[in-house]
Amino acid sequence: MSAHLLACVDPGVNDRVAGALQTRHSGEMDRMQDEGSAVVIGASGGVGAALAQALEGSGRFAEVHRFARSFSGKAHLDLEDEASIRAAASRVAEGPAATVVIVATGVLHSGRQPERSYKALEAEHLLRDYRVNTVGPAMVAKHFLAGMPRDRRAVFAALSARVGSISDNRLGGWHSYRSSKAGLNMVIRNLAIELARSHPQMIVTGLHPGTVRTGLSEPFQKGVPPEKLFTPTQSAAQLMTVIESLTPGDSGGVFAWDGARIPA
């Protein structure tokens, strides 16, 4: 297991990784510059914070940028505010090119529970989920992809969900969330097709983290088998393993925490 994954599983490894980084010579620092930087949007959340920690613990990046709506100053990024996305992308562009950008955000419930029936549909509920789950990541792509390298492997990933699969939908319900995640999956596919022409080593992917012990899934954790209810640290480790296993041929797909491809 690589150092950054160990850091995810064993928090004590973070101290050892940090100590090792301090002793690396200038040649290693040059390699880190070549690797570029990493970006995590939604770094205030459970999964986002754990992903940022994993990327930092890997020692592979010259800088790991953390952005979130709740952060202030230059770290502020609100998916419903394109100006803040543009400003964040400009800040990243001032340093080494981003070779990994992860949109670790999403909304499932916030004052409104997922709809169990079409009778519960509300326009504002639908629009809210689309703004955050579909439009927001699309705007991140608009402003961040242009600064990502064309001559080496790079990854643009967004947290999606299995329930966004149209062919796998057998239960119905959750109209706003399902629809917005399906929309995100189409954005991912579109980006992959376009970028294959200009960025042949680029990987654009959706990631399904499973059920994670966070506020987003808290009302729905009952009945989930203990072995399928992950801590943010476990989830981040699994998602990092998936990201590292992907090739340009996988671009445009959505993958679960165990590496399985989720059907469209």
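## Helix 7 and the second largest pocket

Helix 7 and strand 9 (261-262) each supply at least two residues of the lining of the second largest pocket. Helices (H or I, at least four residues) and strands (E, at least two) are DSSP runs, numbered from the N terminus. On a 1 Å grid over the protein atoms alone, a pocket is an open set of points with protein on both sides within 12 Å along at least five of seven lines, and lining residues have an atom within 4 Å of a point. Helix 7 gives the most to this lining, with four residues.

The lining of the second largest pocket has 16 residues. Nearest its centre lie Asn 185, Arg 189, Gly 252, Pro 263 and Ala 264. The space in this pocket is about 310 Å³. That volume is the space filled by probe spheres set on the grid points, which are joined across faces, edges and corners.

## Basis of the model

This is a predicted model: local features need pLDDT of at least 70, side-chain atom pairs count only at pLDDT 80 or more, and totals for chains, interfaces and linings use all residues. Residues are numbered from 1 along each chain as its sequence is written, and side-chain values use heavy atoms, with hydrogens and water left out.

## The chain as a whole

The chain holds eight helices and nine strands. Of its 264 residues, 47% are buried. Buried means under 20% relative accessible area, exposed over 50%, and partly exposed in between (1.4 Å probe, protein chains only). The chain exposes about 12,600 Å², and carbon and sulfur atoms supply 53% of that. Accessible areas come from the Shrake-Rupley method with a 1.4 Å probe.

Helix 7 covers residues 175-198, 24 residues in total. The expected span of a helix is 1.5 Å times one less than its number of residues. Helix 7 should therefore span 34 Å; its end C-alpha atoms are 35 Å apart, which agrees.

The buried residues of helix 7 include Tyr 177, Arg 178, Leu 184, Asn 185, Ile 188 and Leu 191. The buried residues of this helix pack against helix 6 (123-144), strand 4 (154-159), strand 5 (202-208) and strand 8 (254-256).

## Salt bridges

Side chains of opposite charge can pair when their charged atoms come close. A salt bridge here is a side-chain nitrogen of Lys or Arg within 4 Å of a carboxyl oxygen of Asp or Glu. The count comes to 10. One of them joins Glu 244 and Arg 60 (3.3 Å, N to O). Glu 244 lies in helix 8 (residues 232-245) and Arg 60 in the loop between helix 4 (46-58) and strand 2 (63-67), so the pair ties together parts that are 184 residues apart in sequence. Glu 244 is partly exposed, at 36% relative accessible area. Arg 60 is also partly exposed, at 22%.

Arg 170 and Asp 168 meet in a salt bridge at 2.8 Å, N to O. Arg 170 is exposed, at 64%, and Asp 168 is partly exposed, at 27%. Elsewhere, salt bridges that share partners join Glu 80, Glu 124 and Arg 131 into one network.

Arg 128 is found in helix 6. Its salt bridge partner is Asp 129, with the closest N and O atoms 2.7 Å apart. Asp 129 is buried, at 0% relative accessibility. Arg 128 is buried too, at 9%. The C-alpha atoms of Arg 128 and Val 107 are separated by 8.4 Å, while the two residues are 21 apart along the chain.

Conventions: Contact means heavy atoms within 4.5 Å. On a 1 Å grid over the protein atoms alone, a cavity is a set of points where a 1.4 Å probe fits but cannot get out, and a pocket is an open set with protein on both sides within 12 Å along at least five of seven lines; lining residues have an atom within 4 Å of a point.
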